[in-house]
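Subject: Structure handover

Hi,

Here is the structure I promised to pass on. Please open it first, then read my notes below.

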Amino acid sequence: MNLLAWIGIIFVAHIALYFALGTENWISTAALATLVWAGALYAIRFFVRQKQRIR
């Protein structure tokens, strides 16, 4: 699946989570949490592609 679609789904899930928890700054918290997940997903994709190139 497209990585940007996954990031969008994660963002919506974080918005729902932090809004439901009553976090004061839920939109900025959701954006920060999504950035962390996006960085992790891009890093995983980078290492997988590097490993495929070596083969």
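Val 36 is exposed, at 57% relative accessibility. Buried means under 20% relative accessible area, exposed over 50%, and partly exposed in between, using a 1.4 Å probe and protein chains only. Val 36 sits in helix H2. Helices here are DSSP runs of H or I with at least four residues, numbered from the N terminus. Between Val 36 and Phe 11 there are 11 Å, C-alpha to C-alpha, and the two are 25 residues apart in sequence.

Some ground rules. This is a predicted model, in which local features need pLDDT of at least 70, side-chain atom pairs count only at pLDDT 80 or more, and totals for chains, interfaces and linings use all residues. Residues are numbered from 1 along each chain as its sequence is written, and side-chain values use heavy atoms, with hydrogens and water left out.

**The two helices**

Helix H1 covers residues 3–21, and helix H2 covers residues 26–54. They pack at an angle of about 150°, and their axes are 9 Å apart. The axes are lines fitted to C-alpha atoms over the stretch in contact, and angles run from 0 to 180 degrees between N-to-C directions. H1 and H2 are therefore roughly antiparallel. The cut-offs: under 35 degrees is roughly parallel, over 145 roughly antiparallel, 65 to 115 roughly perpendicular, and the rest oblique.

Which residues make the contact between H1 and H2? From H1 come Leu 3, Leu 4, Ile 7, Ile 10, Phe 11, His 14, Ile 15, Tyr 18 and Phe 19. From H2, the residues include Trp 26, Ala 30, Thr 34, Trp 37, Leu 41 and Arg 45. Contact means heavy atoms within 4.5 Å. By type, the contact residues are 17 nonpolar, three polar and one charged. Here Ala, Val, Leu, Ile, Met, Phe, Trp, Tyr, Cys and Pro count as nonpolar, Asp, Glu, Lys and Arg as charged, and the others, Gly among them, as polar.

**Residues in the contact**

His 14 belongs to helix H1. Is His 14 buried or exposed? His 14 is buried, with a relative accessible area of 11%. Leaving out residues up to four places away in sequence, His 14 touches Ala 30, Ala 33, Thr 34 and Trp 37.

Thr 34 is in helix H2. Thr 34 is buried too, at 7% relative accessibility.

Leu 17 lies in H1. Leu 17 is partly exposed, at 40% relative accessibility. The C-alpha atoms of Leu 17 and Ala 30 are separated by 8.3 Å, and the two residues are 13 apart along the chain.

**Aromatic pairs**

How many aromatic pairs does the structure hold? It holds two. Rings of Phe, Tyr and Trp (its six-membered ring) pair if their centres lie within 6.5 Å; planes under 30 degrees apart are stacked, over 60 edge-to-face, and the rest tilted.

Phe 19 and Trp 26 have ring centres 5.1 Å apart and planes at 70°, so this pair is edge-to-face. Phe 19 is exposed at 55%, while Trp 26 is partly exposed at 30%.

Phe 46 and Phe 47 also form an edge-to-face pair, 5.4 Å centre to centre with 70° between the planes. Phe 46 is partly exposed at 46%. Phe 47 is exposed at 56%.

Best wishes
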